[in-house]
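Hi everyone, thanks for coming.

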Amino acid sequence: MSAGPGMGGGFENPVSPRPRYRSEPASQTTPIRGEQSLRPAEWSGPPTSPPAGRFDRPADRYAIPEPEPEVVARKFPWRRLLAWLVAMVLVGAGAGWAYVRFLHDPQPDDDTVVQASASARPKIPRADDLVRQYLDALAAGDTELAMSLGAVGAGDRAAIAPAAYAESLKVFPITDIRVPQMDAATTEVSASYLIGDRAEDTRFRVVRGDDGSWELAHSTVQVELQNPNATGMPVLLNGAPIRTGLAEVLPGHYTVTTGLPLVDYTEANSVVITNLEYDGRVQRVLTPVLTNAGRDALLAAGRSALSACLYSGSLTPAGCPNQLVSSAGYDPSSVRWEVVNDPFSAANLALDPTDQSNGQVSLVLQFAVAFSYSDGSTNGRQVLAPVSASYSGSLLVNNADDVRVSWSRAGG
């Protein structure tokens, strides 16, 4: 039992009594040991601020700096740019569609031949039906269908346009078509028919596609038309111009022409294809000839050119066969040339062997000439020795009056 104060023999509590404080905020300055009075608290804020609360920060405490506003980086406007690009594409596409739909009106090329596409090729489950359809298409002049039944080469297709092939059928119709039934596992199909008045027994090479449909190994024949000595001369097959020298043809008859009045090809140059049994190109060397109109045009052009030479007023007219070198001066107005023979009656007309697009005329000329010298004297009428001469002119014209010739004479 503990003794209360004042009781003898008790112990004195060594702990000093806890000082008593006024009811001030808990954040007030703690009194220093040994001081009898408390230091008043110092508060932050302006003097006119209201009394500090119990949680206000003392003025002598460290103030945390206000955070600086965060700088937000501006992002590149990808979405806006993408939206503009999409809008521009849509506008361009719409403008292009409107142009093609309402404004664009392309004109077809008259020389363009419609080519059958592989997607339009009919699917034929039997090889013998394929060959029969091909021959029936030829007989009917349906060249587009015939070409769709097999591969077509890279040559000019003008000769197998319907109008051109119709010319073939006029002289070489295809009739009496017979195709026996064939076994499914085959690479060739036999057939017989009349082409013109020729009986044809042949075989067609066929191939089978992955879808089981049959087609011809090739539906046309490639013909190379060579004209080595007249490279600039036109070549037409049944009236259709062949511009590359390499033509695709179907079985039939093809007349070869130049389309010009003065020079042409003979019937011997015609191309006749009776079947598709050709492993490579058919080569044909063409030989042009001078037509009757071409002969008349060359003779007329020669006479006209010679007349100009006779009335040139010169003893040595340029580019003419009549030439005389005078040892003294002469009066040009006094010069009178004449031809004392009939050179054109025995003239030799042909095509120039080095360039068969030119006509060439060789003949013998004998001239007589009279003139006055500058001193007034004359030579009388002088008959000159015969001279061999020739002239030539291009025949690649559509009108005989357009032929222009140039002269040359033996010995220069």
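Let's start with the surface: the protein exposes about 26,300 Å², and carbon and sulfur atoms supply 53% of it. Those areas come from the Shrake-Rupley method with a 1.4 Å probe, and for residues only the protein chains shown count as cover. Please keep in mind that this is a predicted model: local features need pLDDT of at least 70, side-chain atom pairs count only at pLDDT 80 or more, and totals for chains, interfaces and linings use all residues. Residues are numbered from 1 along each chain as its sequence is written, and side-chain values use heavy atoms, with hydrogens and water left out.

How many of the 412 residues count as buried? The share is 34%, where buried means under 20% relative accessible area with a 1.4 Å probe, protein chains only.

Next, the fold. There are five helices and 21 strands, taken as DSSP runs (helices H or I, at least four residues; strands E, at least two) and numbered from the N terminus. Strand β17 (residues 355–365) pairs with β16 (residues 348–352) in the antiparallel sense over five bridges; pairing requires at least two DSSP bridges. A hairpin of two residues links β16 to β17, and asparagine 348 sits opposite serine 362 of β17. β17 also pairs with β20 (residues 387–394), again antiparallel, over eight bridges. There, glycine 359 faces glycine 393 in β20.

Finally, contacts, meaning heavy atoms within 4.5 Å. Of those between residues at least 6 apart in sequence, 60% join residues at least 24 apart.

Key:
Buried < 20%, exposed > 50% of the residue type's maximum accessible area, 1.4 Å probe, protein only.
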